[in-house]
Amino acid sequence: MQIIKWLFPSILIILLGSFLHYTLPGKDLVRVVGSDVKRVDTSTFWDSEVPKNETRSTRDVRFINTVWPDGTPRVFRNEDTDWSWPPYLKFDSGNLQAEAQSLISTEAAPVWVVVTHYGWRIPILTLFPNAVDIRRATGPDELLIPWFNIFFFVSLGIVFFLIGRFLLRLKRRHLDPTLDEVAEAFDDFTEAAEAASQRTRETGSKFSRWLDTWRAKDKRKK
Amino acid sequence: MLLWVFRLVIIFAILSVVYIALSRYYRWDKKKELENRFKAAARDESEKETFIAEGMVGYDRSLKKRLLLGVFALPLFIIFGLLFIANFM
């Protein structure tokens, strides 16, 4: 039974957390190795960025192939979000592709870049993160501080704090006194009921007193 | 582009509703507090109106009432802060 109490809030937090993790920008420090354009069938998930007035069964997707400093591959797609969700208002995927291509480097003479992106890489669902921005990094070990995410979460925290504080105020000033009054009225009622039942125990119920009136005077119980 | 103006207007409308509701609530709450203080002090009934009116004037000038405008200011600050960080940093 206790499980149900924390099950619902936990699920809510997990859903909200994963939604934010997908939608908020992240930065990767990688080396660009190449770029691609592939024709992809429109899937139900990450083609929500297809413009609404077009219904297509396939579309072209630009890819930016990169590797991490340790050599593991990291592939981004590079698509416009246009006006739809997430609200990155990204229209410059063409320009971004050109920038990425100009930063292609080899392992011998690496050029490290910071790729701002959102989304997840899930190979089994063919999901790729969407690259939003590329810039040169100062080196393979530059410290990347996610200012946007910090500001976002601090604001969210402040808003939740203010709302929570207001709701607690409402509860304290209006709900609790009413509940106290109800509890008090209930206690008074219980007290009166107990006193009445005590009296009945002493004198006997009305029915048994009436029965008594039918007994002979010397056989009466009261 | 027009779509974003439209959205901004909707946000502003919602914030206005929130502001009006909160403003009314806090005024009502302050009035109740003044009434209770009046009853506790057990003063003359004829002085009640003036006492409450004076109390409300004090509230109108208070910081608390002006802070309520933060209902507009905070979301705007957050939105423009995010836009600034996303585009100029």
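Contact here means heavy atoms within 4.5 Å. The legends below describe close-up views of a predicted model.

**Figure 1. F166(A) and the residues of chain B that it touches.** Leaving aside residues up to four places away in sequence, F166(A) touches L22(B), Y25(B) and Y26(B). Two of these names return in the list of residues with the most contacts inside the largest nonpolar core, which reads F166(A), L22(B), Y26(B), L34(B), F51(B), I52(B) and M56(B). That core has 14 residues. At least two residues each are supplied by α1, α2 (48-60) and α4 of chain B. Helix α1(B) gives the largest share, 6 residues. As background, nonpolar side chains tend to be buried together in soluble globular proteins.

**Figure 2. Helix α1(B), its buried residues and its end.** The end C-alpha atoms of α1(B) are 58 Å apart, which agrees with the 58 Å that its 40 residues should span at 1.5 Å a residue. The buried residues of this helix are L15(B), S16(B), L22(B), S23(B), Y25(B), Y26(B), D29(B), L34(B) and F38(B). Their cover includes α3 of chain A, along with α2, α3 and α4 of chain B. After α1(B) comes A42(B), with a positive phi near 55 degrees.

**Figure 3. Helix α4(B) and what covers it.** Helix α4 of chain B runs over residues 70-88 and has 19 residues. From its first C-alpha to its last it reaches 25 Å, close to the 27 Å expected at 1.5 Å a residue. V71(B), F72(B), I78(B), G81(B), L82(B) and I85(B) are the buried residues of α4(B). The cover over them includes α3 (147-203) of chain A, and from chain B both α1 (2-41) and α3 (63-67).

**Figure 4. Two aromatic pairs that involve helix α4 of chain B.** Over all chains, a search of the whole structure finds 18 aromatic pairs. One of them is formed by F151(A) and F77(B), whose ring centres are 6.0 Å apart; the planes stand at 55 degrees, so the pair is tilted. F151(A) is in helix α3 of chain A and F77(B) in helix α4 of chain B, so this pair joins two chains. Is F77(B) buried or exposed? With a relative accessible area of 54%, F77(B) is exposed, the cut-off for exposed being over 50%.

Another pair is made by Y19(B) and F72(B), with ring centres 5.4 Å apart and planes at 40 degrees, so this pair is tilted. Y19(B) belongs to helix α1 of chain B and F72(B) to helix α4 of chain B, so the pair ties together parts that are 53 residues apart in sequence. F72(B) counts as buried because its relative accessibility is 19%, and buried means under 20%.

**Figure 5. An aromatic cluster in chain A and a charge over a ring in chain B.** Y22(A), Y88(A), Y118(A) and W120(A) are linked into a cluster by ring pairs. In chain B, the charged end of R7(B) sits over the ring of W4(B), at 4.7 Å from the ring centre.

**Figure 6. Two loop residues of chain A with positive phi.** Most residues other than glycine have a negative phi. L89(A) is not a glycine, yet its phi is positive, about 50 degrees. L89(A) is found in the loop between β3 (73-78) and α2 (93-102) of chain A. Its relative accessibility is 33%, so L89(A) counts as partly exposed. T126(A), which is not a glycine either, has a positive phi of about 55 degrees. The loop that holds T126(A) lies between β4 (112-118) and β5 (130-136) of chain A. T126(A) counts as partly exposed, at 45% relative accessibility.

Figure 7. The domain assignment of chain A gives domain 1 (2-143) and domain 2 (153-211). The C-alpha centres of these two domains lie 56 Å apart. V182(A) has its place in helix α3 of chain A and counts as exposed, at 52% relative accessibility. Along the chain V182(A) and T106(A) are 76 residues apart, and their C-alpha atoms are separated by 76 Å.

How values were computed:
Residues are numbered from 1 along each chain as its sequence is written. Chains are lettered from A and ligands numbered from 1 in the order in which they are written. This is a predicted model: local features need pLDDT of at least 70, side-chain atom pairs count only at pLDDT 80 or more; totals for chains, interfaces and linings use all residues. Side-chain values use heavy atoms; hydrogens and water are left out. Helices (H or I, at least four residues) and strands (E, at least two) are DSSP runs, numbered from the N terminus. The expected span of a helix is 1.5 Å times one less than its number of residues. Buried means under 20% relative accessible area, exposed over 50%, partly exposed in between (1.4 Å probe, protein chains only). Rings of Phe, Tyr and Trp (its six-membered ring) pair if their centres lie within 6.5 Å; planes under 30 degrees apart count as stacked, over 60 as edge-to-face and the rest as tilted. A charge sits over a ring if NZ of Lys or CZ of Arg is within 6 Å of the ring centre and within 35 degrees of the ring normal. Domain bounds come from an automatic or database domain assignment. A nonpolar core is a set of buried Ala, Val, Leu, Ile, Met, Phe, Trp, Tyr and Cys residues joined through side-chain atoms within 4.5 Å.
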